[in-house]
Amino acid sequence: MTTSPVPTTDPTAAPAASATTAAPGADELAARIATGLPAGFVWGAATSAYQIEGGAREGGRGPSIWDVFARTPGMTANGENGDVAVDHLHRYREDVALMAGLGLGAYRFSIAWPRIVPTGSGAVNPEGLAFYDRLVDELLTAGIDPWVTLYHWDLPQPLQDAGGWPNRDTALRFADYAERVAGALGDRVRHWSTLNEPWCSAFEGYLTGRHAPGVRDAGAAVRAVHHLLLAHGLGAAVLRGHGAADVGITLNLIPAEPPPDTDGASTAGADDAVRLVDGQQIRLWLDPVLRGTYPSDVIADFARAGAELPVHDGDLAVISQPVDWIGVNYYAPHIVAPGPDPSPKPTPFAGAENVTRVPTSEDVTALGWPVRPRSFLALLRRLGADYPGVPFHIHENGAAYDDEVSPDGTVHDPLRVRYLAGHLDAVRQAAQDGVDVRGYFVWSLLDNFEWAEGYRMRFGIVHVDFETLVRTPKSSGLWYSRLIREHRAANGER
């Protein structure tokens with residue numbers, strides 16, 4: 001991994017771009033961002049239940065697909081799992097106090113379906129609902145707006161045993177679950193996301209097998225796509241029935257790009273590789289939700305893989321009912337070229353036998369993901385142009401780096417500060433270009449269980465010692481906190 005040089009004076013300053021032309025430092029960018037984003041902009045942080053809660057066998061919680069997957073040898077780094085995670089179940093008051101200290105105005109978190117309905121359908125677990133009831137009250141008391149995500153990948157295992165997301169009935173069970181949660185929390189929670197990153201649930205869960213439940217079947221993955229979207233539509237209708245006035249869906253909208261070292265001359269093969277990835281990563285989700293139709297080229301790609309979307313009459317009307325916003329998750333672009341992929345890892349796209357994922361070392365995070373704020377800006381501009389009139393919230397954006405605790409106990413992470421500053425400046429530019437982007441939630445509030453990567457990849461703006469579970473705000477957290485205060489001051493907000 002290669003990264004830009006790290007300065008030795010200011011731990012929150014951005015590294016220089018070159019020896020001759022210095023890029024703006026993080027503090028200079030913060031000043032631009034603070035004055036360039038509109039008043040009322042939402043500042044928050046995000047987490048998910050399985051990644052932070054722990055208490056996997058406590059309080060009546062049932063098993064999820066991630067419990068089973070992570071306990072299966074070879075599925076996660078070092079065989080690690082979320083049984084304890086960072087113990088948010090017991091430390092939520094401490095974590096809410098941390099959020100308040102950082103000045104967060106909003107907190108995006110997910111509800112654990114198996115904590116509410118342990119078998120996926122049937123009886124509700126009152127102890128599980130009580131935990132989220134307490135969490136919501138704690139947030140509101142601290143002046144922090146709760147943003148609830150109903151599903152962040154932790155399907156109850158009994159539903160998987162009955163077929164999982166490739167089974168249409170799972171979407172109906174999701175609507176029942178949404179009914180229970182909305183009935184319990186809808187009097188205080190204003191903002192609701194039905195699903196988080198259904199692309200990952202479908203393609204990483206049922207095509208590559210890298211995520212739970214670990215299936216490798218193109219037909220199952222494509223059926224899961226449709227049933228996840230159907231679950232969104234059914235769940236959104238349930239939320240509206242409980243008076244929810246701010247409902248959306250959170251999608252990882254990752255742009256596809258050709259390698260940067262090409263001469264700019266487009267070829268049919270390169271164009272088609274970008275088209276295929278773009279179709280399954282972006283248009284497959286936005287078009288049915290916002291336009292009531294699936295892209296025809298994506299349907300053809302699925303057919304070439306022997307897979308078909310199981311659409312019933314009336315489904316697309318359910319899926320495309322109005323939403324109040326789209327949540328955008330962005331970390332890095334896909335870099336793709338034509339040709340068979342030499343990687344031993346299965347490709348996460350159906351019918352992509354002629355698509356190669358191109359690694360790069362130009363400037364990457366600990367996961368090898370390229371740092372490209374320009375790609376983020378281009379994505380936001382495209383979303384504004386292709387889907388006019390739709391508000392957007394950035395629901396996840398962040399980076400994993402190899403953080404180290406200094407002898408004095410502090411955690412300096414200037415590369416993460418640089419990453420956040422560059423990407424938030426892209427949000428500023430998009431907003432000034434007229435894109436209706438209304439909020440930003442950094443991923444993640446805390447270092448946590450990072451799915452198949454276990455605990456080795458740290459995304460948090462708050463460091464967690466995984467032995468003692470002690471929380472320590474990093475330089476990135478302190479920089480983000482100052483930015484929030486500066487933005488509020490610039491707009492006369494408290």
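**A buried tryptophan and its surroundings**

Trp 451 is buried, with a relative accessible area of 4%; buried means under 20% relative accessible area, exposed over 50% and partly exposed in between, with a 1.4 Å probe and protein chains only. Before I continue, please note that this is a predicted model, in which local features need pLDDT of at least 70 and side-chain atom pairs count only at pLDDT 80 or more, while totals for chains, interfaces and linings use all residues. Residues are numbered from 1 along each chain as its sequence is written, and side-chain values use heavy atoms, with hydrogens and water left out.

Trp 451 sits in the loop between strand S11 (437–443) and strand S12 (462–464). Helices (H or I, at least four residues) and strands (E, at least two) are DSSP runs, numbered from the N terminus. What does Trp 451 touch, not counting residues up to four places away in sequence? The list is Ser 48, Tyr 50, Gln 51, Trp 66, Thr 76, His 152, Trp 153 and His 211, where contact means heavy atoms within 4.5 Å. With Gln 51, the side chain of Trp 451 makes a polar contact of 3.2 Å. A polar contact is a pair of N or O atoms within 3.5 Å; within protein, one must be able to donate a hydrogen and the other to accept it, and residues adjacent in sequence count only if both atoms are side-chain atoms.

**Aromatic pairs**

Trp 451 also belongs to a cluster linked by ring pairs, together with Tyr 50, Trp 66, Phe 69, Trp 153, Phe 449, Tyr 455 and Phe 466. Rings of Phe, Tyr and Trp (its six-membered ring) pair if their centres lie within 6.5 Å; planes under 30 degrees apart count as stacked, over 60 as edge-to-face and the rest as tilted. By this rule the count is 31 aromatic pairs. In one of them, the ring centres of Trp 113 and Tyr 177 are 4.8 Å apart and the planes are at 5°, so the pair is stacked. This pair links distant parts of the chain, with Trp 113 in helix H5 (residues 113–116) and Tyr 177 in helix H8 (residues 169–185), 64 residues apart. Trp 113 is buried at a relative accessible area of 0%, and Tyr 177 is buried at 1%.

**Charged side chains**

A salt bridge is a side-chain nitrogen of Lys or Arg within 4 Å of a carboxyl oxygen of Asp or Glu. The count comes to 43 salt bridges. One of them joins Glu 396 and Arg 108 at 3.3 Å, N to O. Glu 396 lies in strand S10 (residues 392–396) and Arg 108 in strand S2 (residues 106–110), 288 residues apart. Glu 396 is buried at 4%, as Arg 108 is at 1%.

In helix H12 (residues 296–304), Arg 304 and Asp 301 are 3 residues apart, about one turn of the helix, and form a salt bridge with closest N and O atoms 3.0 Å apart. Is each of these side chains buried or exposed? Arg 304 is exposed at 52%, whereas Asp 301 is buried at 2%. Both belong to one network of salt bridges that share partners, which also includes Asp 272, Arg 382 and Asp 386.

Finally, Arg 488 in helix H16 (residues 475–490) reaches the backbone oxygen of Gly 103 with its side chain at 2.8 Å.
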